[in-house]
Amino acid sequence: MNTTNEVTSTQAVTTQENVWIEIARITVLEDARKHTPEDIDSRAVSLAIEGQLENILLSKEGDRLVLV
């Protein structure tokens, strides 16, 4: 995951370190794309075979972390 301690909305930051965030700290917006049970099953199979191929991206908005 890309992260930094302090980032303004115009900065782009990339790091090579892994950062562990508790799921409870992540906000998922109400208008997030919905997935069918079949889509979720397909993604689960893909994760089991290939692992996670891309980082999870979070945006810091005020004091909360929002799933991008």
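A search of the whole structure finds 2 salt bridges, a salt bridge being a side-chain nitrogen of Lys or Arg within 4 Å of a carboxyl oxygen of Asp or Glu. The structure is a predicted model, in which local features need pLDDT of at least 70 and side-chain atom pairs count only at pLDDT 80 or more, while totals for chains, interfaces and linings use all residues. Residues are numbered from 1 along each chain as its sequence is written, and side-chain values use heavy atoms, with hydrogens and water left out.

Side chains of opposite charge can pair when their charged atoms come close. Helices (H or I, at least four residues) and strands (E, at least two) are DSSP runs, numbered from the N terminus. Arg43 has a relative accessible area of 43% and is partly exposed; Asp39, at 25%, is also partly exposed. These classes follow relative accessible area, with buried under 20%, exposed over 50% and partly exposed in between (1.4 Å probe, protein chains only). Another salt bridge joins Arg64 to Glu61, the closest N and O atoms being 3.7 Å apart. Arg64 is partly exposed, with a relative accessible area of 35%, and Glu61 is partly exposed at 37%.

The protein chain contains 1 helix and 3 strands, arranged along the sequence in the pattern β-α-β-β. Of its 68 residues, 6% are buried. Among contacts with a separation of 6 or more, 44% are between residues 24 or more positions apart, where contact means heavy atoms within 4.5 Å.

Strands of a sheet pair through backbone hydrogen bonds, either parallel or antiparallel. The 3 strands here make an open sheet in the order 1-3-2, with mixed pairing. Strand 1 (26-27) and strand 2 (58-61) stand at the edges, and each has a single partner strand, so one side of each is left without a neighbour in the sheet. Two strands are taken to pair if DSSP finds at least two bridges between them. Strand 1 and strand 3 are parallel and pair over 2 bridges, with Thr27 standing opposite Val66 in strand 3. Strand 2 and strand 3 (residues 64-67) run antiparallel and are joined by 4 bridges. Across this pairing, Ser59 stands opposite Val66, and Leu58 has Leu67 as its bridge partner. Strand 2 and strand 3 form a hairpin with 2 residues between them, and Gly62 in the turn has a positive phi of about 65°.

The loop between helix 1 and strand 2 includes Asn55 and Leu57. Asn55 is partly exposed, with a relative accessible area of 48%. Although 37 residues separate Asn55 from Asn18 in sequence, the two are 9.4 Å apart in space, C-alpha to C-alpha. Leu57 counts as partly exposed at 38% relative accessibility. Leu57 and Leu67 are 10 residues apart in sequence, with a C-alpha to C-alpha distance of 6.3 Å.

Rolling a probe the size of a water molecule over the atoms shows where empty space is left. The largest pocket has a volume of about 810 Å³. It is lined by 17 residues, of which Arg33, His35, Arg43, Ile56 and Leu67 are the closest to its centre. A pocket is defined on a 1 Å grid over the protein atoms alone, as an open set of points where a 1.4 Å probe fits, with protein on both sides within 12 Å along at least five of seven lines; lining residues have an atom within 4 Å of a point. Grid points are joined across faces, edges and corners, and a volume is the space filled by probe spheres set on the points. Helix 1 (residues 37-50) contributes the largest share of the lining, 3 residues. By class, the lining has 9 nonpolar, 5 polar and 3 charged residues; Ala, Val, Leu, Ile, Met, Phe, Trp, Tyr, Cys and Pro count as nonpolar, Asp, Glu, Lys and Arg as charged, and the others, Gly among them, as polar.
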